[in-house]
Number of protein chains: 2
Amino acid sequence: MSLARFLPILEWGRSYNAATFTSDLNAAVIVTIMLIPQSLAYAMLAGLPPEIGLYASILPLVAYALFGTSRTLAVGPVAVVSLMTLTAAGRVAEPGTQAFIEAAIALATLSGGILLLMGLLRLGFIANLLSHPVISGFITASGLLIAIGQLKSILGVSASGETLLLLALSLVQHLPDVHLPTLAVGLPALAFLFWVRKGLKPLLMQLGLPNRPAELIARAGPIMAVAASTAAVVAFDLDAAGVRVVGAVPQSLPPLGLPGFDAEQWQSLLIPALLISTIGFVESVSVAQTLAAKRRQRIQPDQELIGLGAANLASAASGAYPVTGGFARSVVNFDAGAETPAAGAFTAVGISLAALFLTPFLARLPVATLAATIIVAVLTLVDLKTPVRVWRYSRADFSAMAATILLTLTVSVEAGVTAGVVLSLALFLWRASRPHVAVVGQVPGTEHFRNILRHQVITYPNILTLRIDDSLTYLNMRWVEEFLIEELAEHPELEHVVLMCSAVNAIDASALESLEAINQRLVDGGIQLHLSEVKGPVMDRLQDTHFLQALSGRVFLSQHQAVEALRAG
Amino acid sequence: MSLARFLPILEWGRSYNAATFTSDLNAAVIVTIMLIPQSLAYAMLAGLPPEIGLYASILPLVAYALFGTSRTLAVGPVAVVSLMTLTAAGRVAEPGTQAFIEAAIALATLSGGILLLMGLLRLGFIANLLSHPVISGFITASGLLIAIGQLKSILGVSASGETLLLLALSLVQHLPDVHLPTLAVGLPALAFLFWVRKGLKPLLMQLGLPNRPAELIARAGPIMAVAASTAAVVAFDLDAAGVRVVGAVPQSLPPLGLPGFDAEQWQSLLIPALLISTIGFVESVSVAQTLAAKRRQRIQPDQELIGLGAANLASAASGAYPVTGGFARSVVNFDAGAETPAAGAFTAVGISLAALFLTPFLARLPVATLAATIIVAVLTLVDLKTPVRVWRYSRADFSAMAATILLTLTVSVEAGVTAGVVLSLALFLWRASRPHVAVVGQVPGTEHFRNILRHQVITYPNILTLRIDDSLTYLNMRWVEEFLIEELAEHPELEHVVLMCSAVNAIDASALESLEAINQRLVDGGIQLHLSEVKGPVMDRLQDTHFLQALSGRVFLSQHQAVEALRAG
């Protein structure tokens, strides 16, 4: 039982049969066709040689198949994490160098370690710190940055810059150098891929093809673009004309090995790795949860941490870079009928075959085609509707989102995420420090008590009842104290203060001490403090405390009993 | 009105009369007598020349009298802040040097600026981040550190060390060097001061003295010890025998001037200044609040920030170091009958007179006497009962407290406070991410709905009702989702899910998006989502949202209506 918790394969593996095998294999074929060009493109986006993208799509998939809990999540290199890898590794080494590759491997090792540790310590809740608006803002901004960054490969110019402004300026500066043969490859590829996304499948179905093959052919769009543009390079010797191509790709499986350990490098990559793993985890879990819910299945977030941790360590051992669950490919996997994580393992076999036998054909693949693949993929990440909706619903949440977007575009991806997290947290704590407190009175003829500001209720001049609509914690107790002090100043005839605790789920040690201080102050002022409607678990913990011994008044089961007992004075 | 908010003196000044004047003057005399030796001692504790303690007790008191809202708070140098100043300034300069004094002034400038800014931005709630257990643990640990650190001056040896272990080791190493003449002054002073604290006032009253003069004489204990030990030095030429004395003290008022600006120094002192101002503010406000409540008065925390900020800037302008409201002297001020902040201004006059006319007598005051004053004062800060109480009440809160105490004693004061704040916050967020969610059913024969685990209630196989006892936020929504998914897996016949929102005070943008996703997932699984008992303000904000348009089910006013409408299926 316990072993099955950590090895979900023991669960689904038992009922594996020929039918499941067929479904999984079917899905794996489609995902493989989609993943080959994506793996190459995202590796390029991360500043890494293309084969590393393939390596990141083999063992990590197997590791996730063993340890992950989602039946349909497709793991591998993804756009946002590739950008974050480029930024982080770029801080310690020059892209294109061996040191850069080692930094990317170190990021995978660290991310894997962090995820695994969080999983074993059951710290999945840390990912909650990334709110939806912050994640959404971050992904939109990253998508924009990535798309604009790839334009240079379509235009055949060498532009660079880490921020939107620098990138755009650099592109404009290099506009006169546009390389027409490259543009002649890149622009049609881009147009074709945009069209394939929306128009190919309906067209094929109109032509009478059933849904399944139409889907398969549409998903093969990127690989068709790869084949066609490579053929064009070969036919017209475009690489000799200056069109950049991928170049020789080693024809082999990933070179296995233990990732190196460099204390200084690890230290400087720890924070980026933490951000990469958290962003990757949040994205992956939300995809996995959405897909699982559609089939009334469940995923275990803490075990997902272990699954993704294992996948990243496997990536590091393959000499590759951080991976996570990808949105588009998981949906494709799901739609194609994948039933178990074995589909992922079969995809790994497909990519292995590609690494062994397809690589010779990649040498003359134009980089512009890969850039087009990236642009088309990431523009689907750009979501401009959500900011508008968030703005309408909550200015506070919008401010965190806007800070994330602006800082991601203008400073760095790390600054963007960090600002979003810190701002969300500060807003949360600010709200948490201002609990809702209401003065309540009795609704005539009933035993109900309601806010005096909203209802016609009966109150007594010698009794003040406060209903606190929140747990009492060190963050909000000062606010409650101040509220009470303000009320005291306005009610000189008071003899009794009743705290109605119907919504108090817990009282922490700080709040308990504040309650003691309040009790003492009220005693000094000749006023008794009472509690009413204290929940069972809260009362159990109060039982042996000094506060309950010192309490000048009583603890009433109901607010009605309190008022009945006290109104006589 | 608006001006009076920022200048509370406009409020209490209007009703000032001869009677208030007499009371204030009376209190000021007692506080002055108490403050003179304390000011000298705490300056020494902070590694500063003794006159700086006096300077910190003049203008800051006037500034607080103008801007502060507490009628009885007595501001000036305090033990814990002195220790923090020693530690922080010691990081950038050697105690005893001019650079060290400048660092202490910079700390006052920065603390003043931070407090003022927090006050103007109404950020007083940031101080909430310091929970009671953390503050209490920090003060206890600081008190122990200070007391042990002062032992060297009683023993007449030169020991040093920033942590308890290093201090104790250093003391033991230097034990053979104990300077007997110093011990002959220090030990009696220590014994006398301990006795004065508890024994003198009852003795005087037994001898027939009325309460007021007995109190005054008892409060004069430290100044008597100062006078007697100085007399002993003069009589027996003890300083020639190697007993350390204070030495020449300039006979003047504080040298006024604008504090310097050194960007690099400010940057390295910013975090310590933030900690000093927060700790100082929390301590000061809790004293002020306790005393105000005894007379049914109020203080305004945001204006207190401004008052303490002004006091610290005044201290910086006087060439002195960070100040805050002191616990013991405020209680004395209160008990002695101070009625308005003018008492503080009168105390400032008293200290000015001391600075002008008493300083010549301080030259031969033994340092051991000041050390004895400090030890007696700080040992009252050491509270070993609270850790036991917190341990009994909450292991989580105790862990934050223990971390604060241990790190303060073994690493540094900054590490202690920081660890306490971070751990408290992490525990709070962990709890906040696990809201209480209950499946509820109908209490037979009523319209009440209660937790099915605790009550005998009626449920229907096609309806699942969850009551969420918390606001829906980005931190806890994942927990709610997981709870729901788990319940769904156990109830295959479900047709309706009702979220009972009677305790939901707010829904943030993240949670709203999660609700939308939940709604969509339930639709995919053929289940309708409904809400019930949504509070007015929450409903107002939901009104125009996409979520409400997409909601597959209805919003019911009461849970009872929901069940009546849905149970038929």
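Axes here are lines fitted to C-alpha atoms, for helices over the stretch in contact, and angles run from 0 to 180 degrees between N-to-C directions. Helices (H or I, at least four residues) are DSSP runs, numbered from the N terminus. This is a predicted model, in which local features need pLDDT of at least 70, side-chain atom pairs count only at pLDDT 80 or more, and totals for chains, interfaces and linings use all residues. Residues are numbered from 1 along each chain as its sequence is written, and chains are lettered from A in the order in which they are written.

**View 1. Helices α8 and α10 of chain B cross at roughly 130 degrees.** The axes of α8 (residues 132–155) and α10 (residues 180–206) of chain B come within 7 Å. Ser153(B), Ile154(B) and Leu155(B) meet Leu183(B), Gly186(B), Leu187(B) and Leu190(B); contact asks for C-beta atoms, placed from the backbone, within 7 Å.

**View 2. Helices α8 and α9 of chain A pack at about 20 degrees.** Here the axes of α8 (residues 132–155) and α9 (residues 164–174) of chain A are 10 Å apart. The two helices are therefore roughly parallel (under 35 degrees). Among the contact residues are Leu144(A) and Ile148(A) of α8(A), and Leu167(A) and Leu171(A) of α9(A).

**View 3. Chain B meets chain A with 45 residues from each.** Helix α22 (509–524) of chain B gives the largest share of its side, seven residues. That side of chain B has 16 nonpolar, 14 polar and 15 charged residues.

Conventions. Two residues are in contact if their C-beta atoms, placed from the backbone, lie within 7 Å. Ala, Val, Leu, Ile, Met, Phe, Trp, Tyr, Cys and Pro count as nonpolar, Asp, Glu, Lys and Arg as charged, and the others, Gly among them, as polar. Angles under 35 degrees count as roughly parallel, over 145 as roughly antiparallel, 65 to 115 as roughly perpendicular and the rest as oblique.
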